[in-house]
Amino acid sequence: MAAATTHEVFNQPAPLVDVNLFTGNQAMQAALKFNAPSLDTKPLQALGAVVGSGEMQTHARLANVHTPVLKTHNRFGERIDQVEFHPGYHALMAQAVGAGLHGAAWGEGAPNPHLQRAAGFMLFTELEPSVLCPISMSYAVAPALKDNAAIYQDWSPGLTSRAYDPALKVWRDKPGLTMGMGMTEKQGGSDVRANTTRAEPNGRDAWGQRFSVTGHKWFFSAPMCDAFLILAQTTSGLSCLFLPRVLPDGSLNQLFIQRLKDKLGNKANASSEVEFVGASAWLVGEEGRGIPQILAMGTMTRLDCALGTSGLMRQALSIALNHTRQRKAFGKALIEQPLMKNVLADLALESEASTALALRLAHSFDRANDPHEQVMTRLLTPVAKFWICKRGSHFAQEAMECLGGNGYVEEGGEGVMARIYREMPLNSIWEGAGNIMALDLLRALRKADTAAALAHELAPARGMHPALDHLAERLPLRVEEMATEMEARRLAQDVALAVQAALLAQTAPSAVFSAFCDSRLAGQWGYSFGSLGAGTDFDTIIQRAMPR
Ligand SMILES: Cc1cc2nc3c(=O)[nH]c(=O)nc-3n(C[C@H](O)[C@H](O)[C@H](O)COP(=O)(O)OP(=O)(O)OC[C@H]3O[C@@H](n4cnc5c(N)ncnc54)[C@H](O)[C@@H]3O)c2cc1C
């Protein structure tokens, strides 16, 4: 490299590259040990090395710089409705599918498949989150799709196989398949009851009742997926339908991509607007019961929002730690400056608490026959999606600031911070924005004895911190009394904080647990990160979070 002629370049930190993202993540390892002590972590160690490699980081950068391009027609003027991606995108997709982060958890019969997959999903997020949109939807679809047994039988081998095949072909000719979902229309995304897309009965065949669908979807991500679950109005009301890109006879379905969205972030992923003009689709579940049917899918994607944001937090924290331990200002490394220690330790607490909560929720799906876990799935899905994703953007801004101006530029290496920052708000918005999650929590409270289940969940941490005891005593009562809509966000926040604290009591060193409770529960905290009390054991917290 040619030397600068006017000055020597120094004090520019080396980027974090070629590290094992799993072995360097103590918070994740502790959470996995807590949830499933005998979990085989070898696949995660292998994945951690791959997703931390410079080679994969280059794919991630290129996939975000050379963004997807819509090709509506071929050179003969015929409609093809294809999206072209940079090869880096396909390399990332092949890795994610090969690691089993899509549907493999439903098919391979390994112990704790959802927890294992959740940890892998979090690690992969630290490499590139955009490709995880189709990966997440392909994972999430199984519980809903099972209600059309014939389709599930035909499609599940491809949805669970570890082969990635991006070609637009009939499902039976493909070794691997992906799926997406279409609910949101122009006039409403939260209130999907307003959907206007119509479905007319159009005969029966091996996949059951077939419909002809006419209408649109305003947000339709990863339109190159092989099929979608969509919502459309039949004479019985809103119904869930299976809509493949390629029909069983090999012809293209009547799905037309209008344009791709120009988004703040999530650049490598194509999000489209589509129209259906008499497209063929098959009923999944009961006609008129489309919302609960597709929410079986939405529950899993909401889990992934919490996992994904936790992964992004971990990535941002690792980059901030890597930078500040090398960069010097005012005579010492930034990480040695007391106020920077406070910021980094505070971010580390948030990251570990998010990791603990997201993986706790993921493990509830492995124990779906346990009544307590069923309540936890229902309770913690909106809570974790709400709180972790809400914290994400603030977290990313503060982690970016640790890098000063270098954090704000787009260039490779440390420039990944800008990408993380642009990605962060998305998990909070899609699959139900913050208010919708808080309102969903209120619905969850009506369904089961949530108060008793919450008390049971918090019990192992009783007597360990006065502020947690105080909250744990009152929270089940508040849950039982049912908050009003006006109070729903505050309740979601408090349930999240209480469960996070109880988990840290069981998984983290006392320095982490007590600092978390002092700051988040006992009020010894300001409104910004970096305002932990002076008595905090900063060094222990920071050392635990170090990426290598
Ligand atoms: C990049 C991207 C990709 C997407 N991909 C897909 C996809 O593949 N498939 C798909 O179906 N959708 C997709 N979406 C759409 C996304 O799920 C919706 O944008 C989201 O659900 C919100 O719906 P909306 O945009 O219509 O907002 P609105 O429903 O108009 O909501 C606006 C705001 O009002 C709040 N709100 C709504 N109702 C209430 C209430 N009763 N009380 C208080 N507050 C309320 C919401 O929380 C939100 O903050 C995608 C979105 C983005 C940004």
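This is a predicted model: local features need pLDDT of at least 70, side-chain atom pairs count only at pLDDT 80 or more; totals for chains, interfaces and linings use all residues.

Me: Which residues of H5 meet H10?
Reply: His114, Leu115, Ala118, Ala119 and Met122 in H5 meet Thr355, Leu359, Ala362 and His363 in H10. Contact means heavy atoms within 4.5 Å. Helices here are DSSP runs of H or I with at least four residues, strands are runs of E with at least two, and both are numbered from the N terminus.

Me: How do the residues of that contact divide into nonpolar, polar and charged?
Reply: Six are nonpolar, three are polar and none is charged. Ala, Val, Leu, Ile, Met, Phe, Trp, Tyr, Cys and Pro count as nonpolar, Asp, Glu, Lys and Arg as charged, and the others, Gly among them, as polar.

Me: At what angle do the axes of H5 and H10 cross?
Reply: The axes of H5 (residues 113–125) and H10 (residues 338–364) cross at roughly 145° and come within 8 Å. Each axis is a line fitted to C-alpha atoms over the stretch in contact, and angles run from 0 to 180 degrees between N-to-C directions.

Me: New topic: where is threonine 178 found?
Reply: Threonine 178 is found in the loop between helix H8 (149–160) and strand E3 (179–182).

Me: Buried or exposed?
Reply: Threonine 178 counts as buried because its relative accessibility is 10%. Buried means under 20% relative accessible area, exposed means over 50%, and partly exposed lies in between, with a 1.4 Å probe and protein chains only.

Me: What is threonine 178 in contact with?
Reply: Leaving aside neighbours within four places in sequence, its contacts are Met93, Ser138, Leu159, Cys225, Asp226 and Ala227.

Me: And asparagine 11, where does that lie?
Reply: Asparagine 11 lies in the segment before helix H1 (26–35). With a relative accessible area of 26%, asparagine 11 is partly exposed. Not counting residues up to four places away in sequence, asparagine 11 touches Gln326, Arg327 and Lys328.

Me: Lastly, how many helices and strands are in the protein?
Reply: The protein has 18 helices and 11 strands. Buried residues make up 58% of its 548 residues.

Key: Residues are numbered from 1 along each chain as its sequence is written. Side-chain values use heavy atoms; hydrogens and water are left out.
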